[in-house]
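Hi there,

Here is the model I promised to send over. Please open it alongside this note, and I'll walk you through what turned up.

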Amino acid sequence: MIRTDPRPALLARLLLGLMVLVSLAPLLLVAINAFKSHADIVENPLSLPHSLASMNFKAAWIGGNFSVGVVNSVLLTGTTVLVTVVFGALAAFPLARRRIVIWKLVTLYFLCSVTVPIQLFLFPMYFLYARLGLIGNVFATALIIAAINLPLSIMLLRTYILTIPTELDDAAFIDGASPWQTFRYVILPLMKPGCVTVAVIVSLNTWNEFLITSTFQQGDAGFTMTLGYHAMAGAMSPDLGIMMAGACIVIVPIIAFFLFLQRLFVDGMTAGAVKG
Amino acid sequence: MSQIAERDRSYLFFALPALGLSLCVILVPALLTVVLAFTDWDGVSMPVWLGLENFRDLLNDITFWRAIFNNVKWTIIFLTVPMAIALVVASLLLTRRRSQSVYQSIFLLPYILSPIANASIWSNMIFDQRSGVLGYFSRHLLALHDPLGHVSTALYTVASVDIWHFWGYLAVVFFAAMRQVPTEQLEAAYLEGAGGWQIFRHITLPNILPTIALMFVMVTIFSFLTFDYVFLMTGGGPAHSTELLSTLAYGFAFRSFEVGKATAVALFMSVFGLMAAYAYVWMSRESLQQ
């Protein structure tokens, strides 16, 4: 390693430190104020809590209706991930392997649908769902979120299949395997890491999704965790201590999930944007 | 020839579920939206054909023009500020060998949290006059008004919260691209005595240009679709100063039940989206050829 001037290194450290502070400060505010009373927060939002009592958390769990929310969030996210990964992996296979014009058109269609504003299909969809009585049905809502996540997932899985040598397909073909057998026994086992990456990214997107979820999951029984929190925060004269405890309840599982699977998150986010 | 076509037909079943879902949820309702934009519809009764009246109304509506202008402003802000921060931070990360992955995780934290939580944290704990840090400062140090409540500052305030949440993603993408710059080029530049800026300008930047260009298009697309932070923090106010096309359409549909008008706004958004889509497809053409 070449010896360099220490001053730029110090400056780099200072700048990075500043960005760390900017990123974390609002989250630290949540953490300290979750343990304070409303009066203490209004007095000074920067003061440290007197105790680590959990009353705020108990009140937030009830106020945010989180025992309903957690079930809905898990069902919504699980269904969306399942549909997106299964449909996406199936569709990615011919798009990566077949070359005639029709497949190019299908790819083009999916590329274009990435840029379609949600508002372009939201309104007819909403009034259709309302007429069919599907508002508040997590499985029906999951189909919409899956359709939104499908194009990018297909593109990601397609690039994944492109890295698998076609000689494997050819060998399977010569052995008399049908396209389905080729997919099931040759391609799918090799693309599992790609499926896991897509599952992680889609579950994060679904858990955090706001526009579709808040439009289609109306009514207390359909609330997800984030919607329950939103309803609690929007109530008249909220108690801020309870609200920040609610924010903790919403945030901490995502942070834990992220820290546990960091590598997959970063892979999923950079795939497609960086030519490998 | 016919044998090949037959083989492709058996492959069709693989694409059927995804295509079917996408057609039912996106394409067919999108086409319906196009038709509805020419009607007066409250969402329940029969739509009434209006012709171009919705569009005429919108073009005469000053709020509509403000929304377009705000979307353009938003795009310009997002194409400069987070891009610049992300490029600087990503190149700084290259110099930190052992701690780079820790930094990376910290910078991604705001990005992985839900907009509902982020918006509420910033509104209540930072900007609020009664309970926020800014309110505390204005009581004890110097008087600062709530930047969300003023026409001149609200848009920039919401944009900065969205940037706080978003820039880490760009930094991680740029950092991943920079790590693929061939080390021989970097070493050669070192040996030639190039400084940090020269290396960035002549080696790193040209190498990651395709990634920057792709992010440029993505940010443009998302700037025209952006909804969450504005809707959650200001709802388009005060006095429509933060109104975007997306919040305007949402308000028409679900607040005043002028669904026809809402779909007309959505059509305008799609025109912008289509232009970005063209650029996006053009940039993805290499991967299409594979």
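B:Thr63 is buried, at 14% relative accessibility (buried means under 20% relative accessible area, exposed over 50% and partly exposed in between, with a 1.4 Å probe and protein chains only). This threonine sits in helix H3 (residues 62-94) of chain B; helices here are DSSP runs of H or I with at least four residues, strands are E runs of at least two, and both are numbered from the N terminus. Leaving out residues up to four places away in sequence, B:Thr63 touches B:His240, B:Glu243 and B:Leu248, where contact means heavy atoms within 4.5 Å.

Before going on, a word on conventions. This is a predicted model, in which local features need pLDDT of at least 70 and side-chain atom pairs count only at pLDDT 80 or more, while totals for chains, interfaces and linings use all residues. Residues are numbered from 1 along each chain as its sequence is written, chains are lettered from A and ligands numbered from 1 in the order in which they are written, and side-chain values use heavy atoms, with hydrogens and water left out.

Some backbone details in chain B come next. The peptide bond from B:Gly237 to B:Pro238 is cis, with omega near -10°, and B:Pro238 is in the loop between helix H10 (228-233) and helix H11 (245-254) of chain B. B:Ala239 lies in the loop between H10 and H11 as well; its phi is positive, about 50°, although it is not a glycine. At 56% relative accessibility, B:Ala239 is exposed. B:Phe257 is another non-glycine residue with a positive phi, near 55°. You will find B:Phe257 in the loop between H11 and helix H12 (259-283) of chain B, partly exposed at 42% relative accessibility.

How many salt bridges are there over all chains? The count is 2, taking a salt bridge as a side-chain nitrogen of Lys or Arg within 4 Å of a carboxyl oxygen of Asp or Glu. One joins the side chains of A:Arg97 and A:Asp169, at 2.9 Å from N to O. A:Arg97 belongs to helix H4 (residues 66-97) of chain A and A:Asp169 to helix H8 (residues 166-174) of chain A, so this pair ties together parts that are 72 residues apart in sequence. Both A:Arg97 and A:Asp169 are buried. Another salt bridge links B:Lys261 and B:Glu258, at 3.6 Å from N to O. There, B:Lys261 is buried with a relative accessible area of 15%, whereas B:Glu258 is partly exposed at 29%.

Now for a helix pair in chain A. The axes of helix H6 (residues 119-132) and helix H7 (residues 138-162) come within 12 Å and cross at roughly 160°; axes are lines fitted to C-alpha atoms, for helices over the stretch in contact, and angles run from 0 to 180 degrees between N-to-C directions. H6(A) and H7(A) are therefore roughly antiparallel (over 145 degrees; under 35 is roughly parallel, 65 to 115 roughly perpendicular and the rest oblique). A:Phe121, A:Met125 and A:Tyr129 in H6(A) meet residues of H7(A) including A:Leu143 and A:Ile148.

Finally, A:Thr226 lies in helix H12 (residues 225-234) of chain A and is buried at 3% relative accessibility. Setting aside neighbours within four places in sequence, A:Thr226 is in contact with A:Trp207, A:Val250, B:Ser114 and B:Ile116.

Best wishes
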